Amino acid sequence: MNAVEPVTSPESQPDSRPGMVYIVGAGPGPADLLSLRALDRLQRADVVVHDRLVGDDVMALVPAAALRVYAGKASGHHVMPQAQIHAVLIEHARAGRRVVRLKGGDPHVFGRGGEEVQALQAAGIAFEVVPGISAANGCAAAAGIPLTHRELANTCTFLPGHLADGSVELDWPALARPAQTLVFYMGVERIARIAEQLIAHGLPDNTPAAIVRDGTRDTEDVLATGLAALARLAPAHGPRPGLLIVGQTVRLSPHYRQADTADPSLRAAATPCAHHFSATERASFYRLVDARRDMRHFTVGGRVDDEVLQRLLTTAHRAPSVGLMQPWRYVRVVDAGLRARIATLVDQERAATAAELGDRADEFIRLKVDGVRECAELLVVALAPDDGTVFGRRTMPRDMALCSLACSVQNLWLAARAENLGMGWVSMFEPAALAKALGMPAGAEPMGILCLGPVDRFYDAPMLEIEGWRQGRPLSAMVFTDGAAWASATIAP
Ligand code: SAH
């Protein structure tokens, strides 16, 4: 067969026929990383059975008339059991349809393509496997990490970050030997255990290692530094696919930073004041600010690692304040009884607010969520009693204290989002009652109950917009040159 055939002429594709199953690799995300053959099979499909990791722009190539069957698995949840996937493929093929089984990356790399082939063989169904660019290849190319290199690595091993039973039992002594590249699929969540085992078996703890998330996609990001430092820095949680690459070739990536300079937030003293931020750093910052982070729904049973919480609070502590007054305090609520009491206070205030809303009361009550009960971490942020700091505060002393508190919460909010955690600021409570429940000193005023934790999914738009409660105003309605236009601007309330 020729290497490249025209993809538009059916005659040149004798293999593409009804009643067959095409097990097609969709590659790591973008549609232009599909093979021409994959594109061809996709465009002729009657039925497409696809996975979660198949990119949206690949799915956009599926013919409108084709039946789409989602067989995706969110980590830990099998949406469709493997046996049922086999049954669906066989059933549609027997009905004479062209069935494409579309899988992220390559079907035969941690993709259970082999099991599907066995099932089709057993059922006597004709099939074809169309290879795809596996995450290891895609991520390595995108992050500038050669998988092999004549001087640095003569072996490359693809490994599962966890085995079928959830454990990580691999041949650690062999994996800790030098001159090889290790690629862990489904491994980012287990990086602490993987790093611990590799280091315990003799791999130097500063061995270059990278986490590539959303490799080859617009949202790609790469964190590359020494293995031990990387394990400390790895975000606690995240729905995006990630790959862990370990080995000396990671040093060649433009993203690689020596372990001791890897994370400015962990080593503030080492961050030069005149640090010039790179375009990549700048882009990450704007991406973070643009990302939705206000959350009211949390993953039930989620948790935030102590180390992550420490990083978040350190970031909150960096908030600016007039005259260094640092007027805010955080109370971490760990006692379950206390949390329940706080949730009750919120419920009481919600009922009282509804009563004042008149004919919008029902609509308002329907917005209720249980973030205070369900989030992993509950913090109460409060204004400290005035300590008499005067500098720069002759006017608006309390207002400026509030501004500083808000800046601190915003720092926390952004840092939480960077850790892939959601946060919600609940202001619905009677301050005196909350201060009393928390035993705050006289003069302290609670300002917000902050719900923090892993979320199943971030919202696409502000919750109140989604719920049709209110629309945000555009920037142009809020910024005026010299104030001239402000008075005449007509803005809906
Ligand atoms: N058959 C797929 C792998 C399926 S296992 C392939 O060959 O790529 C799913 C794992 O692949 C994810 O947990 C993640 O580790 C990895 N993965 C898939 N796409 C990825 C991407 N774009 N970036 C980073 N990792 C990815």
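Mentor: Happy to! Among contacts in the protein chain between residues at least 6 apart in sequence, 76% join residues at least 24 apart (a contact means C-beta atoms, placed from the backbone, within 7 Å). Keep in mind that this is a predicted model, where local features need pLDDT of at least 70, side-chain atom pairs count only at pLDDT 80 or more, and totals for chains, interfaces and linings use all residues. Residues are numbered from 1 along each chain as its sequence is written.

The protein chain has 16 helices and 16 strands (DSSP runs numbered from the N terminus: H or I of at least four residues for helices, E of at least two for strands). Of its 493 residues, 33% are buried (20 or more other C-beta atoms within 10 Å of a residue's own, C-beta atoms being placed from the backbone; 12 or fewer is exposed, in between partly exposed).

Let's zoom in on H5. Because 8 of its 9 residues are buried, H5 is largely enclosed by the rest of the structure. Those eight are Ala135, Ala136, Asn137, Gly138, Cys139, Ala140, Ala142 and Ala143. Strands S8 (155–160), S9 (180–185), S10, S11 (221–226) and S12 are among the elements covering them. After H5 comes glycine 144, with a positive phi near 70°. For contrast, look at helix H9 (residues 279–290): the count of buried residues among its 12 is 0.

Helix H5 (135–143), strand S10 (208–213) and strand S12 (242–246) each supply at least two residues of the shell around the ligand. That shell has 24 residues, the closest being Gly105, Gly111, Ser134, Ala135 and Gly215 (near means a C-beta atom, placed from the backbone, within 6 Å). By class, 11 are nonpolar, 8 polar and 5 charged (Ala, Val, Leu, Ile, Met, Phe, Trp, Tyr, Cys and Pro are nonpolar, Asp, Glu, Lys and Arg charged, the others, Gly among them, polar). Both domain 1 (10–132) and domain 2 (136–264) give residues to the shell, so the ligand lies between them; the bounds come from an automatic or database domain assignment.

Finally, the packing. Of the 40 residues in the largest nonpolar core, Val381, Met423, Ile449, Cys451 and Leu452 touch the most other members (a core joins buried Ala, Val, Leu, Ile, Met, Phe, Trp, Tyr and Cys residues through C-beta atoms within 7 Å). Helix H14 (397–418) is one of the elements supplying at least two residues of this core, and H14 gives the most, with 7. A second, separate core of 38 residues includes Ala142, Val212, Val222 and Leu227, and Ala142 is one of the buried residues of H5.

Conventions:
Two residues are in contact if their C-beta atoms, placed from the backbone, lie within 7 Å. The expected span of a helix is 1.5 Å times one less than its number of residues.
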